[in-house]
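User: I am new to this structure and would be grateful for a close look at its disulfide and the sheet around that part. Please take me through it step by step.

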Amino acid sequence: VQLQASGGGLVQAGGSLRLSCATSGRTFSSYVMGWFRQAPGKEREFVARISWSAVTDHADSVKGRFTISGDVAKNTVYLQMNSLKPEDTAVYYCAAASRFTTDMGAYDYWGQGTQVTVSS
């Protein structure tokens with residue numbers, strides 16, 4: 001299983017970005033896909049997850065601003081991020097798990113991360 005995250009960048013507060021996670025083969029239709037982030041000096045934290053049946057869940061800190069979605073035909077998972085805040089600055093990682101969970105330890109496969117920087 002290979003995951004390739006992209007789409008990060010520098011954006012002003014209030015702006016938007018869309019992250020993409022390209023997956024190999026049938027990953028998206030076989031695994032739960034999640035987005036996590038790690039800010040400097042902080043622990044990695046859950047952001048959002050999506051099941052193979054398109055059930056989604058978002059962390060309270062991003063609910064109403066971020067939306068996870070997937071395109072099975074393209075084997076790609078997205079994270080649409082709107083109304084970005086400086087505290088959203090972090091490296092964002094996509095990951096794959098065999099069950100619908102927010103537990104990082106259950107995610108067996110990880111992408112390389114993409115940097116998101118939100119300026120005030």
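Analyst: The torsion about the S-S bond of Cys-21 and Cys-94 is about 65 degrees, so this disulfide is right-handed. A disulfide here is a pair of cysteine sulfur atoms within 2.5 Å. The model is a predicted one, in which local features need pLDDT of at least 70 and side-chain atom pairs count only at pLDDT 80 or more, while totals for chains, interfaces and linings use all residues. Residues are numbered from 1 along each chain as its sequence is written, and side-chain values use heavy atoms, with hydrogens and water left out.

The sulfur atoms of Cys-21 and Cys-94 are 2.2 Å apart, and a search of the whole structure finds one disulfide. Cys-21 lies in strand E3 (residues 17-23) and Cys-94 in strand E9 (residues 90-97), so the bond ties together parts that are 73 residues apart in sequence. Strands (E, at least two residues) are DSSP runs, numbered from the N terminus. Cys-21 and Cys-94 are both buried, where buried means under 20% relative accessible area with a 1.4 Å probe, protein chains only.

Strand E3 also belongs to an open sheet of four strands, in the order E1-E3-E8-E7, with antiparallel pairing. Strand E1 (3-6) and strand E7 (66-71) stand at the edges with a single partner strand each, so one side of each has no neighbour in the sheet. On average, neighbouring strands of this sheet are turned by 15 degrees against each other, direction ignored; the axes behind this angle are lines fitted to C-alpha atoms. Two strands count as paired if DSSP finds at least two bridges between them. In general, strands of a sheet pair through backbone hydrogen bonds, either parallel or antiparallel.

The individual pairings can be followed across the sheet. E1 and E3 pair in the antiparallel sense over four bridges, and Gln-4 stands opposite Ala-22 in E3. E3 is joined to E8 by six bridges, again antiparallel. Here the disulfide and the sheet meet: Cys-21, a partner in the disulfide, stands opposite Val-77 in E8. Strand E8 (residues 76-81) is mostly covered, with five of its six residues buried.

E8 is also joined to E7 by six bridges, and these two strands run antiparallel. Tyr-78 in E8 is the bridge partner of Ser-69. E7 and E8 form a hairpin with four residues between them, and Asn-75 in the turn has a positive phi of about 50 degrees.

Definitions and conventions
Buried < 20%, exposed > 50% of the residue type's maximum accessible area, 1.4 Å probe, protein only. Axes fitted to C-alpha atoms, helices over the stretch in contact; angles between N-to-C directions.
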